[in-house]
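Hi,

Here is the structure I promised to pass on. Have a look at it first, and then read my notes below.

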Amino acid sequence: VTYRELVERADALAAELQGRGLGANDIVGIALPRSADLVIAIVGVVRAGAAYLPIDLAHPAERRALILSDARPLLSRHDNAAASATMPNTATAHRE
């Protein structure tokens, strides 16, 4: 991934998040392996004005559930079936 590609992909993610109404004071959970996609997700969330919550999939499901219930992210970004069981749907923003 070039720096140009990183910025383009991060900006696209930021625009998508902002289009879903996310911004300042919102939290997005990120459960991705260390990769270019992780960096793009972090940069995109920050560029949208939101905060990111790193979720380690190596932690037990109970620990991930506790972190998520405490932080209550509005969205999550993941690519793992194991994450799907304990993380909010990436397609929907959850507001109260």
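Let me begin at the start of helix 2, where a side-chain oxygen of Ser35 comes to within 3.3 Å of the backbone nitrogen of Asp37. Bear in mind that this is a predicted model.

Helix 2 itself has twelve residues, and from its first C-alpha to its last it reaches 16 Å, close to the 16 Å expected at 1.5 Å a residue. Its buried residues are Leu38, Ile40, Ala41, Gly44 and Val45. Looking down the axis of helix 2, you'll see these buried residues fall within an arc of 165 degrees, so they line one face of the helix. That pattern goes with a general point: an α-helix has 3.6 residues a turn, so residues three or four places apart point the same way. After helix 2 comes Gly49, with a positive phi near 95 degrees.

Now for the inside. The largest nonpolar core has 14 residues, and the ones touching the most other members are Leu17, Leu22, Val28, Ile30 and Val45. Helix 1 (3-19), strand 1 (27-31) and helix 2 (36-47) are the elements that each give two or more residues to this core. If you click on Leu17 and ignore its neighbours within four places in sequence, you'll find it in contact with Leu22, Gly44, Val45, Ala48 and Leu75. There is also a second, separate core of five residues, which includes Ala31, Ile55, Ile67 and Leu68. As a rule, nonpolar side chains in soluble globular proteins tend to be buried together.

Most residues other than glycine have a negative phi. Asn25, though not a glycine, has a positive phi of about 70 degrees. Asn25 sits in the loop between helix 1 and strand 1, and at 80% relative accessibility it counts as exposed. Arg72 is another non-glycine residue with a positive phi, near 50 degrees; you'll find Arg72 in the loop between helix 3 (61-71) and strand 3 (75-78).

Finally, confidence. The protein chain has a mean pLDDT of 83, with 79% of its residues at 70 or more. Among its elements, helix 1 has the highest mean pLDDT (95) and helix 4 (residues 81-84) the lowest (50). For residues 89-96 the pLDDT is below 50, although this stretch has 23 contacts in the model beyond near neighbours in sequence. Where pLDDT is low, the predicted coordinates should not be read in detail.

Cheers

Key
Residues numbered from 1 in each chain as written. Heavy atoms only, no water. Core = buried A, V, L, I, M, F, W, Y, C linked by side-chain atoms within 4.5 Å. Buried < 20%, exposed > 50% of the residue type's maximum accessible area, 1.4 Å probe, protein only. Helix = DSSP H or I, 4+ residues; strand = E, 2+ residues; numbered from the N terminus. Contact = heavy atoms within 4.5 Å. Expected span 1.5 Å × (residues − 1). Arc of directions from axis to C-beta. Polar contact = N/O pair within 3.5 Å; in protein donor to acceptor, adjacent residues only side chain to side chain. pLDDT = per-residue confidence, 0-100.
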